[in-house]
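Me: I have a structure on screen and want to learn how to read it. Where should I start?

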Amino acid sequence: MNPKPYLYIMFLQFLSKSICGYLPPISVKTMLRCNGKAVTLTSGVRRRLVNGWKQFVVDNNLKKGSVLLFELVQATSGVVILSIEVLGLTNP
């Protein structure tokens, strides 16, 4: 059921439509795993990552043009877990 990892260039806090079909249609607790750390925030009903996304950006030193690889690990009606790999910048 898990989609293939999806390469997505993003700085804003919106998830790609290709992954949203696997997510519950309600706001749920969302865990982001990156660089051996886990951050819990909320994914809203409009594909938006809120209540923690800005801190995730700061903690991982993301810049405009950062390329992130999102892999959906788990999606239930109560929690979504995403593994994120920072691949670099599109224009270093």
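Reply: Start with the source. This is a predicted model. Check confidence before any detail.

Me: What is the mean pLDDT of the protein, and what share of its residues reach 70 or more?

Reply: The mean is 77, and 79% of the residues reach 70 or more.

Me: In which strand is confidence lowest, and where is it highest?

Reply: Strand β1, residues 6-9, is lowest, with a mean of 40. Strand β2 is highest, at 90.

Me: Over which residues does pLDDT stay under 50?

Reply: Over residues 4-11. The model has 28 contacts beyond four places in sequence for that stretch. Where pLDDT is low, the predicted coordinates should not be read in detail.

Me: Next, the fold. How many helices and strands does the protein have?

Reply: Count the elements, then read their order. There are two helices and six strands. Along the sequence the pattern runs β-α-β-β-β-α-β-β.

Me: How do I read the contacts across the sequence?

Reply: Look at the separation between partners. Take contacts between residues at least 6 apart in sequence: 51% of these join residues at least 24 apart.

Me: Which residues touch the most other members of the largest nonpolar core?

Reply: Leu15, Leu32, Trp53, Phe56, Phe70, Leu82 and Ile84, in a core of 19 residues. Then ask which elements contribute. Helices α1 (17-20) and α2 (53-59) each give two or more residues to this core, as do strands β2 (28-34), β5 (66-75) and β6 (79-89).

Me: Take Phe56. Is it buried or exposed?

Reply: Phe56 counts as buried because its relative accessible area is 1%, and the cut-off is under 20%. Leaving aside neighbours within four places in sequence, Phe56 contacts Leu32, Cys34, Val39, Leu62 and Ile84.

Me: How many aromatic pairs are there?

Reply: Check ring centres, then the angle between planes. The count is one. Trp53 and Phe56 form that pair, with 5.2 Å centre to centre and 25° between the planes. Planes under 30 degrees apart count as stacked, so this pair is stacked.

Me: Where do Trp53 and Phe56 lie?

Reply: Both are in helix α2, three residues apart, about one turn of the helix. Trp53 is also buried, because its relative accessibility is 4%.

Methods
Residues are numbered from 1 along each chain as its sequence is written. This is a predicted model: local features need pLDDT of at least 70, side-chain atom pairs count only at pLDDT 80 or more; totals for chains, interfaces and linings use all residues. Side-chain values use heavy atoms; hydrogens and water are left out. A nonpolar core is a set of buried Ala, Val, Leu, Ile, Met, Phe, Trp, Tyr and Cys residues joined through side-chain atoms within 4.5 Å. Buried means under 20% relative accessible area, exposed over 50%, partly exposed in between (1.4 Å probe, protein chains only). Helices (H or I, at least four residues) and strands (E, at least two) are DSSP runs, numbered from the N terminus. Contact means heavy atoms within 4.5 Å. pLDDT is the predictor's confidence in each residue, from 0 to 100. Rings of Phe, Tyr and Trp (its six-membered ring) pair if their centres lie within 6.5 Å; planes under 30 degrees apart count as stacked, over 60 as edge-to-face and the rest as tilted.
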